[in-house]
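Please look through the sequence and the structure shown here. Keep both open while you read.

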Amino acid sequence: MFVVLSIFVLVLSTSECCPDGYFRASQDTCFHIASPTTDTKEAYCSLKGGGVPFGRPLTEEYEKALAEDMEEMAKGWMPKAAWVGMELSGRDNPMGPKETDWKFSNDGGTFDPNQYELWTEFPASGEDCGSVSLNSEFKVDPAKCGDMLAILCKKDMSPCDRGLQPYVLYEEHCLSLTKDNPTMHDNAKTGCSGGHLLPIRQKLDLEAVWQAFHNGAFEGGIYVGLDKENDDWVYKNGEKETKTVSSGGQNNEKCGYVRLLKNSTLGYFALDCEPKHTWFMCEIHGEISGKYKSLV
């Protein structure tokens with residue numbers, strides 16, 4: 001009896017598993033999140049376990065599973081902390097008069113640190129620059145300017161595009177989070193191509209920062225086989241998307257992506273279709289026998 005029961009459990013467990021690199025999106029569907037590739041999506045997915053590119057509406061179950069996997073990937077990718085555009089006034093002139101006010105980047109003016117409401121804690125002596133992190137819920141952490149951190153940049157002028165340094169529109173902020181070469185604050189101030197370090201002025205800015213940290217891993221979002229056709233958004237299987245697909249107003253925003261929002265939900269956004277920036281999904285359908293076939 002014990003042997004028979006053990007074999008049954010083993011077979012059941014095998015039938016419920018997805019191929020390597022995939023995660024379960026429903027009882028009979030597995031997803032794989034793919035980074036940009038020089039291959040066609042069809043060729044890549046076929047080699048990745050015999051899948052096909054995803055291109056149909058996401059059910060609530062699919063959205064929940066995808067959001068959970070994206071959040072796990074994002075937390076593994078995001079930097080420990082990133083510089084923002086705030087520093088003690090006069091810190092770059094140690095021979096000048098001692099300052100108590102702080103200043104925002106890009107000639108954004110000064111402010112009284114005692115009146116600033118978005119500190120995690122009041123700056124201690126030697127903490128003359130500002131940073132943000134997941135652990136601080138993206139409020140401003142006072143930091144020593146010589147620390148080696150990532151860079152959170154803002155671009156004020158159009159276009160907001162994913163060029164050499166990819167900028168993406170998050171909550172009306174054109175942002176780029178660069179984590180590959182951590183640097184000191186003074187170097188970070190010149191490290192934003194076409195932009196400057198993001199100043200955190202108000203609580204509303206924190207939502208944009210949250211999205212940049214959680215979606216930077218995917219260069220703004222994941223393409224779900226959704227394309228703009230005239231005034232409609234249409235999936236590869238011919239079905240139309242009825243949810244709102246937000247756009248930044250650029251003419252080249254012809255592809256539909258999903259992006260992580262708070263509370264593990266997804267939003268739909270339009271971005272360019274440039275393959276070198278496009279993360280996408282493969283899908284596989286799981287049979288009860290434990291073998292898998294593509295959804296066609």
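The model is predicted: local features need pLDDT of at least 70, side-chain atom pairs count only at pLDDT 80 or more, and totals for chains, interfaces and linings use all residues. Residues are numbered from 1 along each chain as its sequence is written, and side-chain values use heavy atoms, with hydrogens and water left out.

**Cores**

In soluble globular proteins, nonpolar side chains tend to be buried together. A nonpolar core is a set of buried Ala, Val, Leu, Ile, Met, Phe, Trp, Tyr and Cys residues joined through side-chain atoms within 4.5 Å. Buried means under 20% relative accessible area, exposed means over 50%, and partly exposed lies in between (1.4 Å probe, protein chains only).

The largest nonpolar core has 67 residues. Which of them touch the most other members? They are L58, M86, L152 and I200. Another core lies apart from it, with 14 residues, including A81, W83, C192 and L197.

Contact means heavy atoms within 4.5 Å. Neighbours within four places in sequence aside, M86 is in contact with residues including W102, F104, F111, Y116, W119 and I200.

**Aromatic rings**

Rings of Phe, Tyr and Trp (its six-membered ring) pair if their centres lie within 6.5 Å; planes under 30 degrees apart count as stacked, over 60 as edge-to-face and the rest as tilted. The structure holds 14 aromatic pairs. Here are two of them.

| Pair | Centre to centre | Angle between planes | Type |
|---|---|---|---|
| F23 and F31 | 6.0 Å | 85° | edge-to-face |
| F111 and Y116 | 5.0 Å | 40° | tilted |

F23 and F31 are both buried. So are F111 and Y116. One aromatic cluster is formed by W102, F104, F111, Y116 and W119.

Charges meet rings too. A charge sits over a ring if NZ of Lys or CZ of Arg is within 6 Å of the ring centre and within 35 degrees of the ring normal. The charged end of R201 sits over the ring of F104, 4.3 Å from its centre. The charged end of K41 sits over the ring of F280, at 5.5 Å from the ring centre.

**A helix**

Helices (H or I, at least four residues) and strands (E, at least two) are DSSP runs, numbered from the N terminus. Helix α3 covers residues 60–77, which makes 18 residues. The expected span of a helix is 1.5 Å times one less than its number of residues. Among the buried residues of α3 are Y62, L66, M70 and A74.

**Backbone details**

Most residues other than glycine have a negative phi, and most peptide bonds are trans. A cis peptide bond joins S158 and P159, with omega about -5°. P159 lies in the loop between β9 (149–155) and β10 (168–170).

Where is E137 found? E137 is in the loop between β7 (129–132) and β8 (141–143). Its phi is positive, near 55°. E137 is exposed, with a relative accessible area of 62%.

S136 lies in that loop between β7 and β8 as well. S136 is buried, at 11% relative accessible area. A polar contact is a pair of N or O atoms within 3.5 Å; within protein, one must be able to donate a hydrogen and the other to accept it, and residues adjacent in sequence count only if both atoms are side-chain atoms. A polar atom of the S136 side chain lies 3.1 Å from the backbone oxygen of K139.
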